[in-house]
Each structure stands twice: as C-alpha cells, then as structure tokens.
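Subject: Structure handover

Hello,

Here is the structure we spoke about. Please look it over first; my notes follow below.

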Amino acid sequence: MNTITLTQPDDWHAHLRDGKALERTVPDLSSQFHRAICMPNLVPPVKTVEEAIAYRKRIMAHVPEGVAFDPRMVLYLTDHTSTDEIQKIKQSEHVNAVKLYPAGATTNSANGVSDIRNVYAVLEQLQKHQVPLLLHGEVTHSHIDIFDREKRFLDEVLQPVIQQFPDLKIVLEHITTADAAQFVLAQSDKVAATITPQHLLFNRNDMLVGGIKPHFYCLPILKRQSHQATLLEVATSGNPKFFLGTDSAPHAQDAKENACGCAGCYSAFTAIELYAQAFDQAGKIERLEGFASHFGADFYGLPRNTQQITLVKEDCIVPDSFNYLEDQKIIPLLAGKTLQWRKV
Ligand code: NCD
Ligand code: ZN
C-alpha cells in the first residue's frame, strides 16, 4: 500500500503554550489536525472555563487563513477547583475535560493536586456529568525510581479512584509501560489511553546509549524496549481504548540542551508521518485511521471529522529546526531524519 486516505486526525494531547509561542505551535499543529486537546499547563495554569475560553481566543488568532482548527480546552485541576466549575464545563461549547497533574510530576505542574483524595468531590461531579478526567499518571515521591513512577501510580492512585468512581471517564495520558497498557485493557470502556509517537518509535536506549540525547527526554520517560513493543501492539490492535495524543511539547533548544534540560518532545509538524512510520514498521498501516481519527472522537462523544487527508509512501525529511519565540530554535523529534510517509 503506497497511498492511504484517512479521516482527518485529531490530537488528544498537545501543548501549544501561550503568547509568541503560538506563532509557531498553532500553524504547525493545525497543519496536521482538525481538533486538539490543548493542555492547560501554562504559567499560570488555565483553571477556569473563563480562562480556557480566553486562551482559546488567543490560539484562534494564530490559525492560518483557510485552515479549519478547533481547539478543545481543558481545565487544570488543583486542590482548590470548585465543583461549580465542573457545572460550567457542561454548559461550555469549547471545554471538554479536566487534567490532573500530580504536583511536581512534570513541566509546569507545581500547582497540581497534592493528594487525589483532596479532589474527590470534583471527581464525583465529573462522573455525574461524564466529563473526562485526563491523568498524568506518575507518582512524584522523590524516593521512587523514575522508571517505576507510572506503575506505582496505577496501583496506588488510579485503582482506588476507579473503585470509588466506576463510571468516571478517564484518559490515562501518554502511557509508557506494558503495565499501563494492561491496566487499561482490564478496565471498562470508561477508561482509555493516549500514546505518543516517541513512545511507539523509541525506548530508553535511543535516549541513553552512545551519549545522552536530550531531545528524546520527555515525561513520562522512555522505558525499556519490551514496553515499547507492548505499546506498539496495543496501538495497532484496533482496540478503541487506545488513541492518538502527541504530547508535542515545545521547549527552546537552549532549555533542552542544558545541564538541567527540560522534558518534552516537539512533534507537531510531522506527527502523522511519525505515527505512520510506527504503524508501518509494525505492518499495520491499515490500523492507523482508527487510532488517529476515530477512537478519540468516539471516546469524547464528539463527531468524527468529515474531511480527509492522504499519506503517500515517499521520503519526508523532518526539518533540522524551527524558529521559536524572538530568536530561539526548537529541535523537533527526529530532526533532520527521513521518514517514509508524507502527508500530501
Ligand atoms: C510536557 C510539557 O513540556 O509541558 N512535557 C513532557 O515531557 N511531556 C508536560 C507533560 O505532558 O508531562
Ligand atoms: Zn503533555
């Protein structure tokens, strides 16, 4: 198969940032996706429906002429989020979910939830109104090994939450382990997961053997090869519990190539080509459409897109860098490398 046509995909987990960064991120992401779940970890975070609507307007101001892009907004859950705010989500046309970052888990998560039991009243409302809870699934205690943080979250945080709120819609974001994949498979259809291109294409050897490669550093961190293999297996299985979320997260080159480098891979501009590469390597290119274009919309209860895109099996060279902010650069995932599929 050298040409495939897909329903236009959506990205169910992306970081666009704010201000001047939008000049870069919005054209890049909207060249690939019709909808994107826009993560709320700005500084300060997006905590109310009003703030989310204002943020959406700032995003829309950067959508190129003639491009149809529909940012879907998310509120950042804190220990102090009120149950009234959840009611407002139900009335809002543009807000679709609430994101839980355990405090300190990742970039800009200092205002996150310190103990999930503090927000049980909010989870009750989410369950009642069937608003999805999006999870950064890692525990943060300093003594827990970084490679074990996702698994510990499943056992210690998520299992009790699901027991307490069995009808709560949950997306376990950017899963990185076989443990998470199996956990999601074992739950009801209320529990789903997103998977990034970097966790399908790479493992920790790619990041660490032969020298540290900071552009592969993201959170949750890349795991061993056997986990990568399981993620690829579930992503390409046709199971609707697993769908596309790039977690494209821009950081300037200086902040990544640094003695204390930031976490995040930038994949917005070539995301569908990266996923096509992964699916094709697994011999499952025909399963890309469900994962990229159908299952996420179905889970969120939104209509599937009606537009289509075409991919051809031709070389696609990932740009070496992109201009970012005033005078900085972003080095994208697989900068300068050749991918085998190209969006036409
Ligand atoms: C994200 C970011 O930079 O905002 N970084 C990352 O490594 N994935 C935050 C996140 O999703 O964890
Ligand atoms: Zn993210």
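Let me start with His-15. This residue is buried, at a relative accessible area of 8%. (Buried means under 20% relative accessible area, exposed over 50%, and partly exposed in between, with a 1.4 Å probe and protein chains only.) His-13 is buried too, at 1%.

Some ground rules. This is a predicted model, in which local features need pLDDT of at least 70 and side-chain atom pairs count only at pLDDT 80 or more, while totals for chains, interfaces and linings use all residues. Residues are numbered from 1 along each chain as its sequence is written, chains are lettered from A and ligands numbered from 1 in the order in which they are written, and side-chain values use heavy atoms, with hydrogens and water left out.

**Aromatic pairs**

Rings of Phe, Tyr and Trp (its six-membered ring) pair if their centres lie within 6.5 Å; planes under 30 degrees apart are stacked, over 60 edge-to-face, the rest tilted. The count comes to 10 aromatic pairs. Trp-12 and Tyr-300 are stacked, because their ring centres lie 4.6 Å apart and their planes meet at 15°. Trp-12 lies in strand β2 (residues 11-14) and Tyr-300 in helix α12 (residues 288-300), so this pair ties together parts 288 residues apart in sequence. (Helices, H or I of at least four residues, and strands, E of at least two, are DSSP runs numbered from the N terminus.) Trp-12 is buried at 2% relative accessibility, and Tyr-300 is buried at 8%.

Phe-202 and Phe-216 form a tilted pair, 4.5 Å centre to centre with 50° between the planes. Both are buried. Ring pairs also link Trp-12, Phe-243, Phe-299 and Tyr-300 into a cluster.

**Charges over rings**

A charge sits over a ring if NZ of Lys or CZ of Arg is within 6 Å of the ring centre and within 35 degrees of the ring normal. Lys-169 lies over the face of Phe-299, 5.0 Å from the ring centre. The charged end of Arg-204 sits over the ring of Phe-147, 4.6 Å from its centre.

**Backbone**

Where are the cis peptide bonds? One runs from Val-43 to Pro-44, with omega near -5°. Pro-44 is in the loop between β3 (35-38) and α2 (49-60). Another runs from Leu-219 to Pro-220, also with omega near -5°. Pro-220 is in the loop between α8 (204-208) and α9 (225-235).

Leu-325 has a positive phi, near 50°. Leu-325 is partly exposed, with a relative accessible area of 34%. Leu-334 has a positive phi as well, near 65°.

Best wishes
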